[in-house]
Amino acid sequence: MKVTEHIKQAKDTLISFEILPPLKGKTINSIYDHLDPLMEFKPSYINVTYHRSEHVFKKKADGVFEKVEVRKRPGTVGICAAIMNYYHVDAVPHLICGGFSKRETEDALIDLNFIGVDNVLVLRGDAAKNETFFEPEPEGHRFALDLLKQVTNLNNGIYLEEDIRDGFRTKFDIGVAGYPEKHFEAPNMDTDLTYLKAKVDAGADYIVTQMFFDNQKYFEFVKKCRDHGIEVPIIPGLKPITNKKQLSVIPRTFHVDIPAHLSDEILKCKEDKEVELVGTEWLLQQSRELKKAGVPVLHYYTLGKPKVIWNVVKEIV
Ligand SMILES: Cc1cc2nc3c(=O)[nH]c(=O)nc-3n(C[C@H](O)[C@H](O)[C@H](O)COP(=O)(O)OP(=O)(O)OC[C@H]3O[C@@H](n4cnc5c(N)ncnc54)[C@H](O)[C@@H]3O)c2cc1C
């Protein structure tokens, strides 16, 4: 079922989770161990992130360095199939521009369609670790908007091969990313919203936000989107803070602010166990307020912290 169908049919705020594929070398059991306890909350769907390949230099026996391509977290498509088979819950794979040619993207979309996936979250992806700015593949997409157009083309039976103009029409429900605190490369919020509107006009069915720790930022973002004529559901993305290091890692990585009240409380903690309690309580208060405001879905980035998410969600369902 599509994410937007879940939202249309819902009588109350829904719950969804986001997971990362395990590192290469680990088994699918690490996904089940992670999700098993969370399934009692009957999530409407589960997102699975996609990770681009990276280039690293490896020293060969003769001492010469060789450039090799590695993908540390493969398996997005397989995990989606596993989730749907094992839990009978809809999976939402992320699809990224970075590291993929249009042809590889088309093949991935066909695979996803064949295993019964009805949803994709379409993203650009970040710059590769060894690059300052995002660079598309020679035959790939530069912006999420271009990737989105490829998905809508497939939904209209238009494939890359010139002679397939009336092929099987996929029916992917398409989500895109939105940034309550602005995407870090956008010159200003207005321009960022103009590009977000372009994604919606091109066929995005809903928006999932970057994490935020101040609900006011989300409420203001929704208002600005509506003022820009963006009418689709806007799903808040939520993440707990569980250790002191995140006070600098999260702003640096995700370009979001941590409110002073929260950082002050965390700085008072002597050990990370206490930080986890503060982070859990903060996330719970955020979730309660958002639910009261009638958001369509509470979307949790579970990222290795299923117990914290469990402690929060059990208080709000
Ligand atoms: C909910 C969520 C899930 C994510 N999941 C993943 C994941 O699984 N894997 C992963 O690698 N990354 C993931 N990311 C990170 C995401 O890929 C990065 O934030 C990336 O930097 C931007 O992606 P985007 O889809 O918002 O890009 P875009 O919508 O393409 O926007 C990127 C930048 O370009 C600007 N822009 C857009 N269109 C144009 C245009 N036509 N001309 C000029 N500028 C333009 C925008 O304002 C913005 O500054 C996720 C982010 C979110 C919020």
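**Barrel and ligand shell**

Eight strands close into a barrel here, in the order β1-β2-β5-β6-β7-β8-β9-β10, with parallel pairing. Strands are DSSP runs of E, at least two residues, and helices are runs of H or I, at least four, both numbered from the N terminus; two strands pair if DSSP finds at least two bridges between them. From one strand to the next, the twist averages 25°. Axes are lines fitted to C-alpha atoms, for helices over the stretch in contact, and angles between N-to-C directions run from 0 to 180 degrees.

This is a predicted model, where local features need pLDDT of at least 70, side-chain atom pairs count only at pLDDT 80 or more, and totals for chains, interfaces and linings use all residues. Residues are numbered from 1 along each chain as its sequence is written, and side-chain values use heavy atoms, leaving out hydrogens and water.

Leu95 has Val122 in β6 as its bridge partner.

Helix α11 (residues 306-316) lies across β1 (14-19) and β10 (297-301), at about 165° to β10.

Now the ligand. Of the 22 residues around the ligand, Asp126, Tyr179, His183, Asp192 and Lys199 come nearest; near means a heavy atom within 4 Å. β5, β6, α6 (189-201) and β8 each supply at least two residues of that shell, and α6 gives the largest share, three residues.

As for polar contacts, pairs of N or O atoms within 3.5 Å, a polar side-chain atom of Asp192 is 2.7 Å from a ligand oxygen. An N or O atom in the His94 side chain lies 2.8 Å from an oxygen atom of the ligand.

Key:
Contact = heavy atoms within 4.5 Å. Polar contact = N/O pair within 3.5 Å; in protein donor to acceptor, adjacent residues only side chain to side chain.
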